[in-house]
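Reader: I am new to this structure and would like to go through it by question and answer. Please show it first.

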Amino acid sequence: MKSRSLGVLGVVAALLVLSAPTLAHHGVAGYDMAKTVTVHGTVTKFDWSNPHVVVYVDAKSDSGEIQHWTIEFASPVHMVRAGWSKSSMKAGDDIVIDTHPSRNGAPIGITSTITFILKTVVNGQPLPTRSE
Amino acid sequence: MRTRAVVLIAAIVAALGFSRSLPAQSGQGSPGTKTPQASAAMPDLSGIWDPDFHGPEGIRLSSWDPSDPFAQHPEKTPMTPWAAEKFKSVRPPFGALQTLENTNDPVQRFCDPPGIPRIYMYPWEITFVQTPKIVYILYEYTKVWRAVAMDRDHPKDPDNSWMGDAIGRYEGDTFVVDTVGFNDKTWLDQTGHPHSDALHVIERFRRKDHDHLELSVTIDDPKAYTKNLTSAKVYKLTNAPMGETLCAYSEMKAFQDNVIDKTQTPGGK
């Protein structure tokens with residue numbers, strides 16, 4: 001997959017209200033919900049399926065190496081109700097996406113649950129977001 | 001003398017008929033039929049109901065304990081020693097005790113049916129199909145349904161099942177569902193409170209106004225809890241059609257392997 005990855009733009013401090021004790025299938029214990037990072041890269045796969053929509057992104061780290069990000073969203077029906085669709089993005093698209101990263105430092109994040117959708121811009125076009 | 005005998009027999013028949021119309025509270029009610037209530041007595045529950053996680057009343061319950069709805073202190077729920085011991089082994093993915101490392105949530109781990117009443121803690125829609133003898137409740141999550149019998153009592157010794165044996169009645173504007181005959185394989189809630197096969201659940205659905213449906217759930221399980229637990233939540237009328245939210249094990253396993261488990265190991269390796 002050709003990558004136009006421009007890299008991880010940076011870590012944005014974000015104070016989010018931790019008031020989501022119940023999500024669709026699981027809690028958020030694996031993620032640092034007080035931190036938001038912005039990932040800029042290329043979509044390699046958009047997996048529109050249950051239990052959660054997942055996008056795979058190739059992005060270049062600050063040190064120049066390619067990072068393979070895995071970012072989860074809510075379930076397909078909930079993303080549809082928020083205005084998304086299976087065509088919201090596809091492999092090869094440029095993506096700038098905010099996400100709460102995994103606590104263990106792995107390039108894994110959560111950008112949406114039933115209660116919120118963080119900023120996601122595909123080929124310059126913002127997708128619907130949702131505040132907590 | 002003969003007249004008194006007839007009156008006595010009539011009284012006995014009436015008493016038997018009355019007893020059949022009462023909900024079985026312990027699963028030991030007499031089997032038999034009842035006359036369904038007239039359609040005019042049916043509160044209209046039609047429409048698709050969304051749990052309204054975004055609205056002010058969209059309470060995201062993680063426990064049925066009314067003193068701890070978000071499961072911040074799930075160990076304080078009034079459990080019997082049997083249930084408290086069982087609760088020690090749970091590794092729930094929700095609430096204050098949440099962990100994603102080796103969770104043993106039967107829904108997340110195995111796509112087990114969430115059962116009743118846990119299914120109401122998921123953020124998916126429900127709808128009703130009301131007929132005189134049976135009211136069907138359809139659940140978007142995992143596309144399961146229940147048939148609530150309006151014309152009979154519980155069997156004397158119901159089989160144990162995931163969804164139980166449900167009978168219903170209307171009390172004014174409220175649809176009351178009385179369910180027994182569960183297995184003990186499901187969790188009561190998102191934080192892993194256990195229940196026994198003596199679980200008895202009472203659901204009360206009432207349309208607060210045209211656009212809002214209140215659900216009150218009472219947990220009656222004396223083997224597991226020292227007192228009944230009752231909590232309520234609100235659903236909102238929606239135009240969003242019910243979609244497909246199946247728990248396919250292959251999909252769940254792939255998600256667990258590719259995403260969840262990698263948040264639990266150093267560096268995601």
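Reader: Which strand holds R207(B)?

Author: This is a predicted model, in which local features need pLDDT of at least 70 and side-chain atom pairs count only at pLDDT 80 or more, while totals for chains, interfaces and linings use all residues. Residues are numbered from 1 along each chain as its sequence is written, chains are lettered from A and ligands numbered from 1 in the order in which they are written, and side-chain values use heavy atoms, with hydrogens and water left out. Strands are DSSP runs of E with at least two residues, helices are runs of H or I with at least four, and both are numbered from the N terminus. R207(B) lies in chain B, within residues 200–209, which is strand β7.

Reader: What is the nearest side chain of opposite charge to R207(B), and how far away is it?

Author: R207(B) is buried (under 20% relative accessible area; exposed is over 50%, partly exposed in between; 1.4 Å probe, protein chains only).

Reader: Which cysteines form a disulfide, and how many residues apart are they?

Author: A disulfide is a covalent bond between the sulfur atoms of two cysteines. The rule (a pair of cysteine sulfur atoms within 2.5 Å) gives a count of 1 over all chains. The sulfur atoms of C111(B) and C247(B) are 2.1 Å apart. The pair links distant parts of the chain, from the loop between α3 and β2 to the loop between β9 and α4: C111(B) and C247(B), 136 residues apart.

Reader: Is that disulfide of C111(B) and C247(B) left-handed or right-handed?

Author: The torsion about the S-S bond of C111(B) and C247(B) is about -75 degrees. The disulfide is therefore left-handed.

Reader: Which element gives the largest share of the side of chain B that touches chain A?

Author: In contact (heavy atoms within 4.5 Å) are 42 residues of chain B and 33 residues of chain A. The rule finds 2 salt bridges across this interface, including one between E140(B) and R81(A) at 2.5 Å, N to O. The largest share of the side of chain B, 6 residues, comes from α4(B).

Reader: Is M89(A) buried or exposed?

Author: M89(A) sits in the loop between α1 and β5 of chain A. Its contacts beyond four places in sequence include V43(A), F46(A) and W84(A). Its relative accessible area is 3%, so M89(A) is buried.

Terms used: Lys and Arg count as positive and Asp and Glu as negative; His and the chain ends are not counted. A salt bridge is a side-chain nitrogen of Lys or Arg within 4 Å of a carboxyl oxygen of Asp or Glu.
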